[in-house]
Amino acid sequence: CVFTCCVVTCCVFTCCVVTCCVFTCCVVTCCVFTCCVVTCCVFTCCVVTCCVFTCCVVTCCVFTCCVVTCCVFTCCVVTCCVFTCCVVTCCVFTCCVVTCCVFTCCVVTCCVFTCCVVTCCVFTCCVVTCCVFTCCVVTCCVFTCCVVTCCVFTCCVVTCCVFTCC
């Protein structure tokens, strides 16, 4: 139930293995290593170079792809309902999630945490530092913003008719 085929040249080594359930193929050159595995339910492919590692997995419901370099780690996941993407560097962590109704994005650095959420009706954004917490909410009718420090709490509300600040 197994078929194996390998080809070797001065520059490339290729090997494929086929069974009744799994197809696997790998290619190696002096610069790139590639391997793919296919089953009835899952397709997986990975590519490795001296600088970048990439891996993708596809099922009937989920597509996942990750890329790793010496400086950046990126991972994205896509389903029929949700798209998620995260990027990590030595200084910044970013993550975004998109659904049919909500878009969310957060960014974290050593000094600042920022998060924004957007729906069809409401836009919300918050920023947190070591000294200040700020949050704003915008709807079609009302704009609200609050700022909190160790000494002061301020909140403003703006509508089409009223401007209030405390």
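Predicted model: local features only at pLDDT ≥ 70, side-chain atom pairs only at ≥ 80, totals over all residues.

User: Leaving aside neighbours within four places in sequence, which residues is Cys 85 in contact with?

Analyst: Residues are numbered from 1 along each chain as its sequence is written, and side-chain values use heavy atoms, with hydrogens and water left out. Contact means heavy atoms within 4.5 Å. With those sequence neighbours set aside, the partners of Cys 85 are Cys 75, Cys 76, Thr 94, Cys 95 and Cys 96.

User: Is Cys 85 buried or exposed?

Analyst: Buried means under 20% relative accessible area, exposed over 50%, and partly exposed in between (1.4 Å probe, protein chains only). Cys 85 has 17% relative accessibility, so this residue counts as buried.

User: Which cysteine forms a disulfide with Cys 96?

Analyst: A disulfide here is a pair of cysteine sulfur atoms within 2.5 Å. Cys 96 is buried at 16% relative accessibility, and its sulfur lies 1.8 Å from that of its partner. The partner, buried with a relative accessible area of 17%, is Cys 105.

User: How far is the sulfur of Cys 81 from the closest cysteine sulfur?

Analyst: Cys 81 counts as exposed because its relative accessibility is 51%. The closest cysteine sulfur belongs to Cys 80, and it is too far for a bond, at 3.6 Å.

User: How many disulfides does the structure hold?

Analyst: One of them joins Cys 46 to Cys 55, and another links Cys 146 with Cys 155. The total for the structure is 16.
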